[in-house]
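Dear colleague,

Please find below the structure that I am handing over to you. My notes on what was found in it follow.

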Amino acid sequence: MKLRPGLVPGGVCTAILVLFLACGIPAARGQEIAATPPMGWNSWNHYGCKVSQAIVREQARAMATNGMKAAGYEYVNIDDCWQGKRDANGVIHPNSRFPDMKALGDYIHSLGLKFGIYSSPGPKTCAGYAGSYQHEKQDAETYASWGVDYLKYDWCSARQVYKPSEMPAVYKKMHEALVATRRPIVYSLCQYGMDRVWRWGASVGGNLWRTTDDIQDNYTRMAFIGFGQEGLGKFAGPGHWNDPDMLEVGNGHMKPDEYLTHMSLWCLLSAPLISGNDLTTMSPETLAILTNPEVVAVDQDPAGTEAHRVSEEGPLQVWVKPLADGGKAVGLFNQGESTMPVTVHLSDIGLNGPVSIRDLWARKDLGSFNGSYTAQVPRHGVVLLKIK
Ligand code: GLA
């Protein structure tokens, strides 16, 4: 946090600031480290348990050099399956696919990127590796010693040792262990949206929380999750975000228009943009979807307001996200099986004409409009607009 000296009227302010930081208030900590939705890469969607140190290094190098870092992608996150055994003192060690976690963290940092890891509050992770149950403080310290900047904490087998009602306290316990390391670590809650986590995720220190079960690389599942987020926006904002799960863009089982829908929806929803494809072999088209600066800017808008649905007519939906500069990002979506016209009425999004409209994927000004705007939207596709 940087303060401009001219704005600090003296000792009173400094004392309040010190108190504020010492209390470790979750929202304040969150705002420093996830003021906009986190952006990065995670191993799970593409590699599952076949992840290794070599793969993570290659992905990090790709992210640093292919334009993703420049577009704002920052976290390089190992998901499940890195864990080995605990030693006699209970300290967790990585398995043989990760010979040196500290060196891996150093390498990621040397690229100007940040390092993320994964665990579970239960005895085992979802893939059956060692979880952090009864080792929370020790694991947080180990992660900090490796230079970890992001922890995804996945409920998994915790259901065998805790009652559902204990979930907030269990998540808070790891938050407190992370704060105690004095290292800023983004805290990603993963319990699939149980117990309306959006209501309490921020209060237990979560910077993001999964709102649903796992995404898959197909249109039906992606659309079910993405279009199902209506109503959750009021629970998110700078420092604490709804997480409809990681991106599948580029993993190969959706059509280009479907990946455009995926990316557009996630950006409108102020979702964390955690890519989940192989960054070393992706096509220029995939890279262009992940890095379009005007689309990423919608996700990273400093106001942090989530989009909401303003209209739904059969397979056609219009979503709007108010932006910090007074403009609106508007998604015209077609879930149908053929191209159809989709209309946004300016009165529905709180604007009076004339407005100027820009197509964010085409990166083209469309002109000045009154009353409404209609676009032809392809099957499973989207037209993403900025209206001012
Ligand atoms: C759960 C999570 C996924 C992934 C796997 C790993 O299913 O929701 O995102 O982390 O566990 O086992």
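In these notes Ala, Val, Leu, Ile, Met, Phe, Trp, Tyr, Cys and Pro count as nonpolar, Asp, Glu, Lys and Arg as charged, and the others, Gly among them, as polar. The model is predicted, so local features need pLDDT of at least 70 and side-chain atom pairs count only at pLDDT 80 or more, while totals for chains, interfaces and linings use all residues. Residues are numbered from 1 along each chain as its sequence is written, and side-chain values use heavy atoms, with hydrogens and water left out.

The structure holds two cavities of 30 Å³ or more; a cavity is a set of points, on a 1 Å grid over the protein atoms alone, where a 1.4 Å probe fits but cannot get out, and lining residues have an atom within 4 Å of a point. The largest cavity contains about 80 Å³ of space, a volume being the space filled by probe spheres set on the points. Its lining comprises four nonpolar, three polar and four charged residues, among them Asn42, Tyr150, Lys152, Arg210 and Asp243.

Strand β16 (residues 364-369) runs antiparallel to β15 and is joined to it by five bridges, with Ser368 as the bridge partner of Ser356. Three bridges join β15 to antiparallel β18 (residues 382-387), where Ile387 is the bridge partner of Ile357.

Yours sincerely

Note on methods. On a 1 Å grid over the protein atoms alone, a cavity is a set of points where a 1.4 Å probe fits but cannot get out, and a pocket is an open set with protein on both sides within 12 Å along at least five of seven lines; lining residues have an atom within 4 Å of a point. Two strands pair if DSSP finds at least two bridges between them. Helices (H or I, at least four residues) and strands (E, at least two) are DSSP runs, numbered from the N terminus.
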